[in-house]
Amino acid sequence: MAAKSARDARRRAFSVVAAAALAAGLACLGLASEQAPSQDLFVIGSPDGRAAEFGLTGPGEGYSAYLRKFPQPIVFTVGKSRPSEWPYIHPAPKDRWAGGRVHPFAIRFESPADENRPLFLVLGLAGGSPSERSKVVVTVNGSDVASQPAPSGDPRVAFQPTGPGKPETMIFEIPAGRIRKGENTLAIRLENESWIIYDYVALRTEGKPLALLRPAEPDLLAEFSKGPMRGVEHLIFAARALGEDPHWYANFGYTLDHSRWKTYGHGGRLCRLDLKTGKAAVLLNDPRGGVRDPAVHYDGWTILFSYRRGDEPHYHLWTIRADGSGLRQLTDGPYDDIEPAWLPDGDIVFVSSRCNRRVNCHTTQSAVLYRADADGKNLRPLSSNNEPDNTPWVLPSGQILYTRWEYVDRNQMSFHHLWMTTPDGLRQAVFYGNQSPGITMVDAKPIPGSRKIVASFSPGHGLREHDGVVTVVDPRGGPDDPGGARPISHGHNYRDPWAFSEEAFLAARGTEIVLLDGAGRTQALFALGPADAQAGLECHEPRPLVPRPREPVIPGAADWTGETGRVLLVDAYRGRNMAGVRRGEIKRLLVLETLPKPMNYTGGMEPLSYGGTFTLERILGTIPVEPDGSAYAELPALRSLFFVALDENELSVKRMQSFMTLMPGETTTCLGCHEERTRTPPHSAGDLAALRRGPSRIEPFPGVPDVIDFPRDIQPILDRHCVRCHDEDHRDGGLSLSGDRGPIFSIGYYALTARSLISDGRNGLGNRPPRAIGSSASRLVKYLDGTHYDARPNAHEQRLVRLWIDSGAAYPGTYAALGTGMVGGFEIVDRSIRLDRSDLQWPSTQAAVEALKRRCGTCHGDDRPLPLSVSHVTGRGAWGTAFTGAPPWVDLEPNDVRRRWSRHLFYNLSRPEKSLLLLAPLAKAAGGFESCGRPVLASTADPDYRKILEAIRDAKARLDAIKRFDMPGFHLRREYVDEMRRYGILPADLRPDAPIDVYATDRAYWQSLWYRAAAASSRQER
């Protein structure tokens, strides 16, 4: 009788603290439960293979917000706490985004009686680290009771917790007697390695997982056909094979031969799906070609699409009728024209590789916004972006909504959000998301009868072919409102969404075409057959084949006969993150231009910078800022320009880490530095001092190169004023600023970064506080003001150093340096970023490695890791022969071993005997430093000294053979020369031995991209 009462009490306890919450959660998800409540003391979450109900899953959150959202230890009280108070992800000590420590998750619950039987804590997981498997420890009332390693998990859910994961289960036995009557605390901690992701947590009387709950298949087609899809009888869609490159933008064009990444696959069709029969008719089939991006005309009959015919390498724009007749080609040439959309005036907007540039952090081509007449003539660019623009579409206002990916000295994987412009390219402005890094927002389209839009929110840096979460965006709260985004799909494997209403959507999902409702319920309408799936074909871009009204036509406002535009800055002192800037402090704006790349070989910055800029930045000059903070200037059109606010000493006050583009004849206004888009100016334009005169012209700096080259322009200043104290063999303060060459950079250049003597944008987020980066934050500038041991550069030299820092602090002044002159360099080879470690095959290197391990290994552990060869990247998370960990330039504090014990400081490939690797252990009597406290190498005659020196000499010989950009006889890479020929910069019949001025070639390339009115007129005449 007592046992029965106890069981009844437990059942009542469950029904109060768990069953109601579980049922409510399942009802919201449309799931049916087959659980037996009598088996469960509590359940947190829903056993559905997803983590959507837990904390950190809302818009703008995710794992990176862990410390911000959950600064205190997790304590969940059963019956009181909500699932959103339990983070979906549980960090472990290797997870630096969560502080790199142990995080106990505690659960408090009431037991109606002592439990004299074993119980089972069941952890349903939706994902986890695939390789760094934590030890999971369970504690009951302060005592450890069980532990086991976490299973290898699905990592995708970390980036999109609302998506489906790969269910795994961990079951821990709680011994009898550990659960007592009254309040108990059960805790979970991860003692090592990395994270796990929760689907549910249950305390059960049986050691079994909960049954996964499956949603019933709804009949959304019947439901939608009565409302938002009334009259829709057919869909148009494309089916094509995917390429091998995993990036969302890399699905056209060509890349490096040895990268072996095919950006597209063979096989494509354009199809019309009959919704009544579920059968698809093929309008165009090309087993060796590719079909993509169909856009139905306003007439509901003509289809504009991109087509790569047969074995041809390029996509061009075509049209076809909905019955398969009338196939017509619109564009041609050695370019790719993709992602077209109809404009209400009859023209076409699309993105094209005619921009002749490469992605700044990859080997693939960029494609940016273009416009053309309906027949494909009169092509003209609407964007100056270095990086790809994507998926333009027309808003109900007549403006163009599109994805803009860009980064100016900020993280390359964080800023790919929604922008808008006019059909002429004017008034380019953020539409949504630019303050929410970490989501790729793509394939955005308006929702009929609403101001909202639907888009694919692709996790992190974006998934292949735009796979993501179908998301509704309401921009009425402003472009930075994180609550403006509402995820729809339960998963991130949807692409190309189309909205019929705010609650009815169409999308592609792998080999299927599906409908979704506002709750994320899904119905498959069509699936490719097994043979197509086996051939690698998937569905893309489903669109309703129906007429639709035209949007209003925005009259053209660009003056294509001009070559400049004008910008009005209302108040430089207004905006985000401007605290501490005194009114009147800003005197001028430095005007910079981020320069496109003609060629690229890897995903990193090297040898352009070490963890800093990805691009060269041109110094155009300055424009004045009035005492009231206003400025008015005339600037070159269709160029990617950005600004640095300067004080009276020409030191940086605030840096812009994005770019702006003016169209010819455009006049635009910005309210302040990083101003909030929802703000309006406090006064009328007539009050502004800058408008009491005509627009300022850019005032150049006399005698300053517009693109600064460190060895040519900055090293001579260091040689004159610094190297007498900071050379290789007398490193005052442990610092060498020598111009001698290391494995990738000069030793002095690398030392300036490693010792934090310069402060650039690095590779973090944008909108830094005033004076946080740039010349004002760089210690080198202070050391050169005459107060540091009589180092007194003249005013011109000091200006050169300041402008070098404020223009990105690059090492070379030419893109011809990319992929060259590096011993132990990085490059994309065979679909991965690889470190060249061929030096390990040299007998001299093998002997030196053995000597270094034997003579130095007992003292040099993980805290002071010696670079054992010229290609050895030291430190935690270092790269091996392939991409095996964190890149060596990320998240480096000044004392990080990856900086202080870097090969770039230890190997001198100009004067091998001056290498720190030799001088540090060498006796002072022999000319060394005796840095180890005793002479490890007594003399230069020591056999091990000779072995190490021989290896460094061989590395020098290797560099002397391959050449660096600042060495006589520098060898250009074939790919650079080939691209410059293709762009028309170098002659097609150039002799193999012909000398090439790389600086002049780069300059001619950049100037070829400048907008010229005469050239535009010529294009219009054609």
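These legends describe close-up views of a predicted model. Residues are numbered from 1 along each chain as its sequence is written. Local features need pLDDT of at least 70, side-chain atom pairs count only at pLDDT 80 or more, and totals for chains, interfaces and linings use all residues, while side-chain values use heavy atoms, without hydrogens and water.

**View 1. A three-stranded open sheet runs in the order β38-β35-β41.** Its pairing is mixed; strands pair if DSSP finds at least two bridges between them. Strands are DSSP runs (E, at least two residues) and helices likewise (H or I, at least four), numbered from the N terminus. β38 (631–636) and β41 (667–670) are the edge strands, each with a single partner, so one side of each lacks a neighbour in the sheet. β35 (residues 564–569) pairs with β38 in the antiparallel sense over six bridges. Gly-565 stands opposite Leu-635 in β38.

**View 2. The largest nonpolar core holds 93 residues.** Such a core is a set of buried Ala, Val, Leu, Ile, Met, Phe, Trp, Tyr and Cys residues joined through side-chain atoms within 4.5 Å; buried means under 20% relative accessible area (1.4 Å probe, protein chains only). Leu-752, Leu-780 and Trp-804 touch the most other members. Helix α14 (residues 943–962) gives the largest share, seven residues.

**View 3. Helix α10 (residues 843–856) packs on α14 at about 140°.** The axes lie 8 Å apart. They are lines fitted to C-alpha atoms over the stretch in contact (heavy atoms within 4.5 Å), and angles run from 0 to 180 degrees between N-to-C directions. Among the contact residues are Ala-847 and Ala-851 of α10 and Ile-948 and Ala-951 of α14.

How values were computed. Buried < 20%, exposed > 50% of the residue type's maximum accessible area, 1.4 Å probe, protein only.
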